[in-house]
Amino acid sequence: MKRLWWLLALPVVFAGAIFYPRHADPAPAVKPSTTKITRGTLTVTEDVDGTLGFGTATTVVGRLPGMVTGLPGEGTTVQRGQQLYRVDGGPVLLWYGTAPLYRTLKPGDEGADVAMFEAGLAALGYKGFTADDSYTSATADAVRDWQESLGLPRTGTVEVGRIVVAPGAVRVGQVRAHLGDNATTAVLDWTGSARVVTVRLDVTKQELASVGDAARVRLPNDTVVDGTISAIGAVATASVQGNTTTVTVDVTVTLAAQDKLGTYDAAPVDVTLVSESRENVLTVPVAALVALAEGGYGLQIVNDAGGVRTVAVKTGLFAAGRVEVSGADLSEGLTVGVAA
């Protein structure tokens, strides 16, 4: 035994290097990673491509017979009661509403078109009649005053084509007609006057968007503008690129802070859709979840002394690497273990 001890104590020469054998030190204890349960808002988002512009264009086809004698400049904003273009020297005017004027309005007429026209006439400051759905002699008198102010014959009736109906103020897009053209042709295109973002959303992701949902828009200069989904198209469109066919629907995002859009009339933008959100909920990193033998998930609660106990939890929304958790044993600020 003494000889063996002596041999072990000798240095070992290996490949010209001298090594002295020793017992390996024990591995140091690894302190488990921990985090705190926090309370806040958890949001599911999806980044998609969008286009900033003025939305879908509508073409105005003239209904008033005659010759085009006046046209607006492209980019002009037109409001209620203002001129869009001229026919035979007289103005064709913008009116706010949801349906076009389909008949000549005269005393004795009743209906939604009468109500639409009278509401506009009253909004322009004309008085002496009741703005309802009945076209009376008092309405006709107010119309004569309106016609006189425009330099039109005082007929007291409103002919088809004298007004163009839109939901609100419009921006003139492409001017299609030329001076001297027959007025019963495509005259011009209009869009809304406010800039919006259009997203061609893949139908497989349509559940991410609902009218009223929030969205964030990043401009080419990295400015971020808040928006709201205001419309989702009902018609799907297929596009083919190579061997891939993509079916999309148009999603419109309205932007309240128009002043933040700078001088961009049109630009590609990045859109973050906020498809689901939970406010004032307890959350932990997903890595804090542990699978329970009996099924479901739990958390390892770590106390100040380093003791660990596992409690079952109910999971909710998953987003951005975190998960909503709830349970009787949970509260904000508790320390939980996290997988390394």
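Predicted model: local features only at pLDDT ≥ 70, side-chain atom pairs only at ≥ 80, totals over all residues.

Trainee: What makes strand 14 and strand 15 a pair?

Mentor: Pairing takes at least two bridges. Strand 14 and strand 15 have five, in the antiparallel sense. Strand 14 and strand 18 also pass, with four bridges, again antiparallel.

Trainee: What lies between strand 14 and strand 15 in their hairpin?

Mentor: Five residues. Asp222 takes a positive phi there, near 75°.

Trainee: How do you know that the side chains of strand 14 alternate?

Mentor: Look at the two faces. Ala215 and Val217 point to one and are buried.

Trainee: Why does Ser134 count as buried?

Mentor: The cut-off is under 20% relative accessible area. Ser134 has 18% relative accessibility, so Ser134 counts as buried.

Trainee: Where is Ser134, and what does Ser134 touch?

Mentor: Ser134 sits in the loop between helix 2 and helix 3. Leaving out residues up to four places away in sequence, Ser134 touches Asp109, Glu110, Val114, Glu118 and Thr139.

Trainee: How do you know that the span of helix 3 agrees with expectation?

Mentor: Helix 3 has 14 residues, and at 1.5 Å a residue they should span 20 Å. The end C-alpha atoms are 20 Å apart, so the span agrees.

Trainee: Which residues of helix 3 are buried?

Mentor: Thr139, Ala140, Ala142, Val143, Trp146 and Gln147. They cover an arc of only 160° around the axis, so they lie on the same side of helix 3. In an α-helix there are 3.6 residues a turn, so residues three or four places apart point the same way.

Trainee: What covers the buried residues of helix 3?

Mentor: The cover includes strand 9, helix 2 and strand 10. Helix 2 itself lies across strand 9 and strand 10, at about 105° to strand 9.

Trainee: What is found at the start of helix 3?

Mentor: A side-chain oxygen of Thr136 comes within 3.3 Å of the backbone nitrogen of Ala138. The polar-contact limit is within 3.5 Å. After helix 3 comes Gly151, with a positive phi near 75°.

Trainee: What makes strand 6 and strand 10 edge strands?

Mentor: The open sheet has the order 6-8-9-10, with mixed pairing. Strand 6 and strand 10 each pair on one side only. From one strand to the next, the twist averages 35°.

Key:
Residues numbered from 1 in each chain as written. Heavy atoms only, no water. Buried < 20%, exposed > 50% of the residue type's maximum accessible area, 1.4 Å probe, protein only. Helix = DSSP H or I, 4+ residues; strand = E, 2+ residues; numbered from the N terminus. Contact = heavy atoms within 4.5 Å. Expected span 1.5 Å × (residues − 1). Arc of directions from axis to C-beta. Polar contact = N/O pair within 3.5 Å; in protein donor to acceptor, adjacent residues only side chain to side chain. Axes fitted to C-alpha atoms, helices over the stretch in contact; angles between N-to-C directions.
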